[in-house]
Amino acid sequence: MADEGDGQDLRDTVKRLEATVAALETRLASLESREAPHPLASPSAPAVVEPVAAPEQRDLEAHVGTYWLSRLGIVALIIGIAYLITYHFGELGVLARVGAGYLLSAGLGAFGLWLARRHQLFGRIVFGGGLALAYFVTYALHFIPAVRVIDSEVLALVLLAGFVVAIVTIAHRMQSETVAGIALFLGLHTGMLSDITAFTLLSTTMLAAGALFFLVRNRWVIVPLSSLVAVYSTHVVWAVRTGHMAPGAPEDDRLLLSLGFLALYFLLFSVALLVRPRDLPVRASLAFTLLNWVGLTSLGAYEVSQEQDSHLFGFLLVVALAHGAGAVVSRLQRAPAALTHAYLALTAVTLALAMPARYDDVALVAAWTVTGLIAGLAARGVESPVLRGVGVLILYVALGACEWETPGRLTLLIGLVVAFVLVERGGTVRVAGLPEPKARTPFTAICAAGAGLSLVALVGARMPEGLVTLGWVIAAFLLFGVGFAVRERWYRLAALAVLGLALGRLVLVDVAKLPPDQRVLTFILLGVMLLLVSYTYTRLRDRRG
């Protein structure tokens with residue numbers, strides 16, 4: 001009987017196993033049928049169109065509640081604890097200050113790791129806040145007078161550098177951009193809660209270097225980009241607190257110290273960007289380049305103008321040369337063309353910004369004209385449409401400024417006409433080995449409009465007050481001549497536009513107001529010029545036929 005019972009138990013066990021295997025096979029078959037691609041319909045079979053599910057829309061309320069509130073909450077919490085340390089830890093003993101600060105940060109970090117077991121993202125946000133708080137405690141032990149325990153500035157910087165390395169190592173081992181971003185972001189901003197000195201800027205520079213490790217190694221973008229903004233923001237806070245960074249130092253030393261930090265920021269972010277530029281998204285590369293230029297140029301120009309206004313031109317010239325060097329390096333590194341073009345465009349813009357610091361009146365307009373002309377012609381050699389556009393924009397700025405400059409205005413306008421035509425032609429300045437320029441209709445139209453406006457202003461400046469309309473007609477005639485000479489229809493279309501304006505003014509204004517002699521002269525010369533232009537069109541049409 002015992003053997004029969006054992007045999008029955010064995011049979012029951014086998015049946016249960018067979019049922020379990022059958023259930024698993026059924027489940028696997030259903031999953032495979034869901035994931036398998038639909039077979040292609042044969043040519044003879046009618047195509048079956050199945051409804052496509054609409055993409056799931058992000059719940060705004062849930063996104064704000066889970067993503068933004070967690071980050072804002074940890075920022076508020078760490079800043080509140082930082083204020084607590086700043087204002088009340090000075091009442092504690094030496095060991096209590098150190099122990100209480102690190103105990104708070106360790107507790108917050110441990111709580112974050114515990115939360116990460118169930119809610120990974122939320123827990124890592126809290127853990128990153130714990131790392132940031134530990135960094136601030138290390139920072140406060142020397143740089144906040146009420147909490148100071150360490151007197152040696154060198155020792156304090158070594159401890160901070162070690163802690164930055166620890167943050168980078170932990171975030172890299174966890175492969176967590178969230179931990180890196182929260183820890184470094186809060187570390188950068190809690191340092192702004194106290195007076196900003198040279199050592200504050202050194203500590204923020206170390207944090208920025210840690211963030212740039214992730215840009216070079218992991219190709220993370222958000223963390224380094226936020227660090228770039230934070231570093232320059234810290235410098236802005238110092239800049240509005242005159243004398244805090246180097247109290248009692250001479251103005252020259254203070255200026256050199258400030259410019260040295262700005263140059264260090266620029267160099268760090270530029271090198272990190274250009275080490276492996278092809279691995280970064282183009283938009284991210286352009287954002288880094290533009291923000292880095294804005295921070296260096298605006299803060300540096302502010303500092304120099306506050307202390308030594310006479311050196312502003314030299315500073316901007318150095319900035320332009322630095323971006324020119326960036327263009328060369330990006331070309332050698334085979335970076336995306338957009339990055340090289342951005343560096344070239346910023347070089348030209350910086351040169352244009354530098355001109356008012358050295359020149360004024362006629363010399364300023366001439367300097368802008370030369371800058372725009374060189375930028376436009378150089379764009380042909382480096383095949384940069386962005387630089388070419390910047391060159392034309394600078395020429396338009398010179399044209400606008402020329403309206404307010406009376407001495408030498410005619411010479412300036414002649415130079416602008418020539419500059420617009422040369423930049424538009426491009427092909428007149430041949431570069432060996434380069435292909436012929438491609439179709440450039442919008443660019444040609446813009447240059448033709450600039451040349452037309454310059455001609456109108458040029459001829460109008462030489463005509464008596466009552467013969468303004470005749471001056472417009474002469475300008476249109478000259479523009480027709482340029483269009484026929486260079487065989488470019490946009491110049492002729494611009495001439496037709498100027499001629500239309502002249503005819504409108506003639507009919508609506510001049511017929512009633514001009515004296516008889518001026519009316520006779522205007523109509524006769526207008527008729528002769530219109531006939532000459534029409535005869536030229538006729539000959540061209542017959543020649544083509």
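Predicted model: local features only at pLDDT ≥ 70, side-chain atom pairs only at ≥ 80, totals over all residues.

Numbering runs from 1 along each chain as its sequence is written, and side-chain values use heavy atoms, with hydrogens and water left out.

On pLDDT (the predictor's confidence in each residue, from 0 to 100), the protein chain averages 78, and 75% of the residues score at least 70. Here are two stretches to treat with care, with contacts meaning heavy atoms within 4.5 Å:

| Stretch | pLDDT | Contacts in the model |
|---|---|---|
| Residues 1–5 | under 50 | 1 contact beyond four places in sequence |
| Residues 34–56 | below 50 | 3 contacts beyond near neighbours in sequence |

Now the inside. A nonpolar core is a set of buried (under 20% relative accessible area, 1.4 Å probe, protein chains only) Ala, Val, Leu, Ile, Met, Phe, Trp, Tyr and Cys residues joined through side-chain atoms within 4.5 Å. The largest one has 132 residues, with Ile-85, Phe-214, Tyr-232 and Trp-368 making the most contacts inside it. Helix α4 (residues 120–143) is its top contributor, giving 13 residues; helices here are DSSP runs of H or I, at least four residues, numbered from the N terminus. Setting aside neighbours within four places in sequence, Phe-214 touches Val-168, Ala-171, His-172, Ala-180, Leu-184, Arg-219, Trp-220 and Val-223.

Leu-478 counts as partly exposed because its relative accessibility is 37%, between the 20% and 50% limits.

Methods. Helix = DSSP H or I, 4+ residues; strand = E, 2+ residues; numbered from the N terminus.
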